[in-house]
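Hi,

Here is the model I promised to pass on.

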Amino acid sequence: MTFRVRTVETSAQGREIVRNRDLAGKQVSVGRSADNALHLPDLALDPYHATITLSEDGQIAVEAVGSLGFGHDGRQRRHASIAPQTGGELRFGSYRVAVSQDGDGAVLLTVIKVADADEPIDEATGFALAGKLPGKRAMSWLLGLAVLLFFLGVPITSSLLRAPPNSVTGDAAWTPGPLSLAHHQLEAKCEACHIKPFEAVRDEACLSCHKSSHDHAVPARLAKARGFGSLGDRLQWRVAHQFGKPGPGACSDCHNEHEGAGRMPPPAQAFCTDCHGSLKAGLPDTRLGNAADFGRLHPQFRPGLPLAAGSGALTRVSLAKHPREASGLTFSHKLHLDPRGGAARMTQRLGQGSGLACASCHRPTADGVRFLPIDMERDCEGCHSLAYDKVGGTFRKLRHGDVDQMIADLSVARPASQPVINGRQRPGEFADSGGYFARFSRPAGSVGSAAQALSRGGICGECHTPAQAGGRFSVVPVTQVSRFMQHGWFTHAAHKQETCTSCHAADRSITSADVLLPDLNSCRSCHFGENAPRGKISSGCAMCHDYHGSAMAPQGLEPRRKQ
Amino acid sequence: MSLVQRQTSRQLDIDHEGFLRHRRFLWLKRAGALCLVAIVAYALADVQPRPSGGTWLGYALGTIGTGLIVWLALLGVRKRNMSRGGWSLKAWTSAHVYLGLALIVIATLHTGFQFGWNVHTLAYALMMLVIASGVFGIVVYATLPAAISTNREEMTQSQMIEAIAAVDRQLESAAQLLDRRWAEPVAAALHEDALAVGIWRRLSASQPGGATLDAITAINRASAEESGNPALVRLEALLQRRQAQLARMRRHMRMKALIEVWLYVHVPATFALLAALVAHIISVFYYW
C-alpha cells in the first residue's frame, strides 16, 4: 500500500462522509476517464490528466499528461515535486487534492469537491429586474433630493447669505424667460428687481432707475377712473392682494417682463381702454371723450389753435366745431398754389418750374417730424420785396419786424413812381444783381406813407393785421404753431408716401383762418384700431399716445415708426 | 338594489372590466370633460400680455395641475391599501390613468407654450416623462400578459430553471465519455446562464448567440466519421434542448423586463417631478 485516497463529501443534512480507499502501486493516474485510479468527473479535465508518482527518494512527483496543467499550492504548473512529510495541495478543475502522509506512512490524497463557482439560481430574483437596475426607492430619493438641492437649496441659501454686491448664485434656472432688450444687463441679477423674497416686484424697484417716469394722472383720479371693474376683475384683485400683489396701477400691471428677448412689447390697448373706453362713467367731469379703439370710438381731434390773434395762446378746440385760426397773418394758400394763378405765372416766366409747391416755403425740421416756422426773409421776400429805393447799385429796403424803423425809413424816402427794378425770383432765390421788387404804395409823407404801408393792401397790411399799440402803429404779432396735436404724437416723416394735399386741403384754402388739419375721418382712411381689417394699418393707442406723457414719440412705438 | 343584484353586478364588474374600461370609461369621460373645459377657457380668456403661467388662468390651471400631480402620486400609497367599491383600487387606477393623461392638456395650457432651459420646463419635462412611461406601462400591461402566458407553455419560472438544470446534468454525464475537444465547449455551455445578463440584453429583441449555440455549431462542424459517434449525437440533441430552453427563458425575461422596466422610470421620475414641482412653485413666489 502506497497511496490512500480519502474522499470527503457532504450529505444532504450537512454531515461529512469520509471514505478511504487504499491503492497499491507507485503511480496514481488522475483524470476524467472512469478508468483512472483517481477519477475526477469534471469536464474541465482531460480524460487522462496527470500522474502522481512516488519516486525512489520518497518524493512525490506530479506530472501533467495531457495539454493542461494543474494547480499546485495556488500556482499553475505542469510538473511538481512534493515531499509527503511537508505536504501540498493540488488543484484539478473543481477538485482539491491535499497531499500528506498518513500515520502508517501511506501517502494520503484527500479529495474535496470545491463548491461550484456558479451561484445557485434564485428564481424569484433571477427573472426580475431588481438587482439589474438601481432600485426604484434609491433612485427616487436620489433624483428628488438632487433636484431640491440644485434648484432650491443652492439659490435660496445663496440668496439668504449673500453679501449685497454679490449676485445670487444658482438662480439662473429660475428665470421663466429672457428679459427684454432694455433690461438685458439685468439678466442674472434677479435680485435687482426681486428684492425681498416672496414679495412681488414693487414700483420702487422700477423707479430706482426710471426716475423721470411720472404718473399718468393724479392717483386719486386714476383710481376713480378705474372704478370697481367687472366682477372678474374684482375677484382677481382680491386674490392678488391676498398674495401681496401691488396694484392696480402698479408698473408691473402693464409692463410684463420675461416675455422673451427683443423689445418689450407695448402694453395692449386694453390697458388704456379699460378706463378710457368708459371714462365719462368713472370721471363725469372729464373733458376727454371716451376712447375705446381708434377705428371705432375715438373723440374728434382737439388741436391747440390760436383763436385770439396776437395773444400767442393756443386753445384746444375740437375740429368738429370747425374752428377758425387767428394767426395774425393774411394768406391764401390757393392763390399761391393755383397752377394758373399769379404766383405760378411768375415762376413760369422766370423759368423756375411750373409753380409754387408746399416745399417752396415749408421746410421740415431736421428730424422730419414737423416743419420749421415760415421765415419771411427766406420764404416770402423773394417775391414780396421790401425794397423801396435804389441809390446807385444799392437797394434800400424796409427792415422786417421793426415797425418804428419802417416808419422812420419811409419818412425820408424819395418819392418813387416807378418800380425800383423788374424781375421777380422764386422765394429764397436772388438774381445776380440781387434784385428786389417792392410792390408798396407810393410813399406820400412820413406818417401817411406808413399808414398806407400798414393799411389793407399796403406793403405790410397785405399780409399783416395792423394794430395800434399805445397810440403807435404796429401789427398784430403772428402766431405760428409748430405742434398742433399737443397730447398726441404725429410725425410727417412716417407719412412720406402721402402728398401734402391728400391730408391738408391747402390748394382750396383762400384764407389763413382755415384750419388745414386733417380730421379723425381723414386719418381713419388708412389707420384703424388695434385689430385693423386687411388693407388698414393697425393703430393701437400707443401709436400716438404715451401713458407716461412726454413730448417725445410714444415709448411703445416701434423705432422704425418713430421716424 | 337588492344585495343579490349588487353582488351580481360587482361580480360582473370584477369578471369583465379592467381598469381601462372601469364603469364604462367613467374616468375617461370625466378627464375628457376637464380637458375640454381647460381648452375652452384657454381659447376664450383674454389674458394680457399673452397666455402664460403668470396669468389668472395660468395660476388656475397650475393649481389644478399641482393637485392632480400630488393626487396621482398618491396611488403609490393607495395601492398598498386595498378596498372595494367606488373607491376600489381599480377605480383609483382608472382615474389615475385618465387624469394622468388629462394632465398633458392642463399642464401644457398652464405653460402658455413658453418653454426654456429652466426649472419650470424641467418640471414639465419630468411630468411628460412620467406620463410617457405610464403610457408605456399601460400598453405593455394590455398586450404582454397573453404573450408571456403563451411563451411559458404552462411552465413556472422555477420549472424553467429546473428544466435547464436537468438538461445540464445529462449533458455533464454524456460529455464525460468524450475527449477535451468536445468536453470544453460543453463545459462552456454549462456555464452559460440565461439569467446573468444586464438590462439592455434583457430588453433587446434579438436572441444573442452564446456558449450553447457555439457548442452546437462546433458539433455540426465535426467530420463525417466523428458525427457518427452516438455520444456526439446525444450531446447535440441535449445541447439543442438546452438552447431551446434558453430561448424560451430569454423571451420570458424580455417580456417580464418590459412589463417591469417602465416603473423604474415612472417612480423615480415621479419623485424628481414632485421635487421639481416644489422648486417651481417656491421659486416663482420667491422671485415674485
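This is a predicted model: local features need pLDDT of at least 70, side-chain atom pairs count only at pLDDT 80 or more; totals for chains, interfaces and linings use all residues.

**Where the chains meet**

The contact draws on 44 residues of chain A and 48 residues of chain B. On the chain A side, the elements that supply two or more residues are α1 (123–126), α2 (136–161) and α7 (270–276). The biggest share comes from α2(A), which puts in ten residues. If you sort that side of chain A by residue type, you get 27 nonpolar, nine polar and eight charged residues.

**Chain B**

Chain B has twelve helices and zero strands, so if you trace it from the N terminus you simply go from one α element to the next. As for its overall dimensions, the C-alpha atoms fill a box of roughly 90 × 60 × 30 Å along the principal axes. The radius of gyration is 28 Å, whereas a compact globule of 288 residues would come out near 19 Å. Of the 288 residues in chain B, 33% count as buried.

**The nonpolar cores**

Which residues touch the most other members of the largest nonpolar core? They are Met127(B), Leu273(B) and Ala276(B), in a core of 47 residues.

Met127(B) is a handy place to start clicking around. Beyond its neighbours within four places in sequence, Met127(B) contacts Ile69(B), Leu103(B), Ala107(B) and Leu273(B). Another core, of 30 residues, lies apart from the largest one, and its members include Ile164(B), Leu195(B), Ile219(B) and Leu258(B).

**The sheets of chain A**

Now for the strands. One open sheet in chain A has seven of them, in the order β2-β1-β12-β11-β10-β7-β8, with mixed pairing. At its edges stand β2 (16–23) and β8 (75–77), and each has a single partner strand, so one side of each has no neighbour in the sheet. From one strand to the next, the twist averages 25 degrees.

Strand β1 (residues 3–10) runs parallel to β12 (residues 107–113) of chain A, and six bridges join the two. Two of the pairs to look for are Phe3(A) with Val107(A) and Thr7(A) with Val111(A). Strand β11 (residues 95–101) of chain A is joined to β12(A) by seven bridges, this time antiparallel. There, Tyr95(A) sits opposite Lys113(A). The hairpin of β11(A) and β12(A) has five residues between the strands, and Gly105(A) in this hairpin takes a positive phi near 95 degrees.

There is also an open sheet of five strands in chain A, in the order β4-β3-β5-β6-β9, again with mixed pairing. Here the edges are β4 (38–39) and β9 (79–82), each with a single partner strand, so one side of each is left without a neighbour in the sheet. Inside this sheet, four bridges join β3 (residues 27–31) to β5 (residues 50–54) of chain A, and the two strands run antiparallel. One of the bridge pairs is Val30(A) with Ala50(A).

Last, a look at Pro466(A), which is in strand β17 (residues 466–469) of chain A. Is Pro466(A) buried or partly exposed? With 17 other C-beta atoms within 10 Å, Pro466(A) is partly exposed, because being buried takes 20 or more and being exposed takes 12 or fewer. Leaving out residues up to four places away in sequence, Pro466(A) touches Leu454(A), Ser455(A), Gly461(A) and Val475(A). By contrast, the C-alpha atoms of Pro466(A) and Pro178(A), which are 288 residues apart along the chain, are separated by 65 Å.

Cheers

Methods. Residues are numbered from 1 along each chain as its sequence is written. Chains are lettered from A and ligands numbered from 1 in the order in which they are written. Two residues are in contact if their C-beta atoms, placed from the backbone, lie within 7 Å. Ala, Val, Leu, Ile, Met, Phe, Trp, Tyr, Cys and Pro count as nonpolar, Asp, Glu, Lys and Arg as charged, and the others, Gly among them, as polar. The radius of gyration is taken over C-alpha atoms; the globule rule is 2.2 Å times the number of residues to the power 0.38. Two strands pair if DSSP finds at least two bridges between them. Axes are lines fitted to C-alpha atoms, for helices over the stretch in contact, and angles run from 0 to 180 degrees between N-to-C directions. A nonpolar core is a set of buried Ala, Val, Leu, Ile, Met, Phe, Trp, Tyr and Cys residues joined through C-beta atoms within 7 Å.
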